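Have the structure open while you read.

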Amino acid sequence: MSRKAPTAEGESEIDITEVLARIPHRYPFLLVDRCEEYRPNQSIVGIKCVTVNEPFFQGHFPGYPVMPGVLIVEALAQTGAVLMSKSLDVDVGGKAIFFMSVDNGRFRAPVRPGDVLRLRVEVLRARGDVFKFRGKAVVGDKVAAECEFAAMVVET
C-alpha cells in the first residue's frame, strides 16, 4: 500500500501506533484504525475497518449486523480527538479530550461488516482548548452519518 506524501505542515498519515499514543481509548472501544489527510487545526480523515468480529454485532442485530449509530458518532469524535491532540500537542499523561456536545445528528445508511468507514472531520471553530467540528461518516460514496460536535481538553 502506498503512503501519501507529507504535507507542508508534516506527515499527513497517522498510523495506529500514534492513534494509541494520542487518545486513551482501547479495545473494544477504540473505533479508529488510522488517520490520513491530517491538516493541523483544519481537518482529518479517520479510517475504521468494520469487521464482523466487533463485539457489538452479537446483539445489533443477529442475522443482520449493523453498526450502532451512536458508535459511528463516537468514531467521528475519536477522530476529532486525534486531530485536536496532534494539533495542540496535548500531553496525554495529564490531560484528556472530552466530548462536549453533539448537534444535528443524522443517520443516512447502515454500516455493515466489511465496510471501510471514512470519518471526515473538519474544524468549524477553535478557541484555546475547545474545538467545534463537522463530521461525516462515509462508506464508498454513501453518507452513513453526519453531525456537528464539540470537544475540549481537560486536566486529568
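Let's start with the rings: the count comes to 4 aromatic pairs, where rings of Phe, Tyr and Trp (its six-membered ring) pair if their centres lie within 6.5 Å. One of them joins Phe56 and Phe57 edge-to-face, at 4.7 Å centre to centre and 65 degrees between the planes; planes over 60 degrees apart get that label, those under 30 count as stacked and the rest as tilted. Both Phe56 and Phe57 are buried (under 20% relative accessible area with a 1.4 Å probe, protein chains only; exposed is over 50%, partly exposed in between). Ring pairs also link Phe99, Phe131, Phe133 and Phe149 into a cluster.

A word on ground rules. This is a predicted model, with residues numbered from 1 along each chain as its sequence is written. Local features need pLDDT of at least 70, side-chain atom pairs count only at pLDDT 80 or more, totals for chains, interfaces and linings use all residues, and side-chain values use heavy atoms, with hydrogens and water left out.

Two rings have a charge over the face, as tabulated here. The rule asks for NZ of Lys or CZ of Arg within 6 Å of the ring centre and within 35 degrees of the ring normal.

| Charged residue | Ring | Distance from ring centre |
|---|---|---|
| Lys86 | Tyr38 | 5.5 Å |
| Arg112 | Tyr64 | 3.7 Å |

Now for the strands. Helices (H or I, at least four residues) and strands (E, at least two) are DSSP runs, numbered from the N terminus, and two strands pair if DSSP finds at least two bridges between them. S5 runs antiparallel to S4, with 10 bridges joining them, and Leu119 stands opposite Ala137 of S5. On its other pairing, S5 is joined to S6 (residues 142–155) by 10 bridges, again antiparallel; here Phe131 has Ala151 in S6 as its bridge partner. Each pairing is a hairpin. Between S4 and S5 there are 2 residues, and Gly128 in that turn has a positive phi of about 60 degrees. Between S5 and S6 there are also 2 residues, with Gly140 in the turn at a positive phi of about 65 degrees. Because 7 of the 10 residues of S5 are buried, the strand is largely enclosed by the rest of the structure.

The Tyr27 to Pro28 peptide bond is cis, with omega near 5 degrees, and Pro28 sits in the loop between helix H1 (16–22) and S1. His60 to Phe61 is also a cis peptide bond, with omega near 0 degrees; Phe61 is in the loop between S2 and helix H2 (69–88).

Asp89 isn't a glycine, yet has a positive phi of about 50 degrees. Asp89 lies in the loop between H2 and strand S3 (95–107) and is exposed, with a relative accessible area of 58%. Glu37, also not a glycine, has a positive phi of about 55 degrees. Glu37 belongs to strand S1 and counts as partly exposed, at 34% relative accessibility.

Where else does Glu37 turn up? Glu37 is among the residues that line the largest pocket, including Arg39, Arg120 and Lys136. By class, that lining has 3 nonpolar, 2 polar and 6 charged residues (Ala, Val, Leu, Ile, Met, Phe, Trp, Tyr, Cys and Pro are nonpolar; Asp, Glu, Lys and Arg charged; the others, Gly among them, polar). A pocket is an open set of points on a 1 Å grid over the protein atoms alone, where a 1.4 Å probe fits, with protein on both sides within 12 Å along at least five of seven lines; lining residues have an atom within 4 Å of a point.
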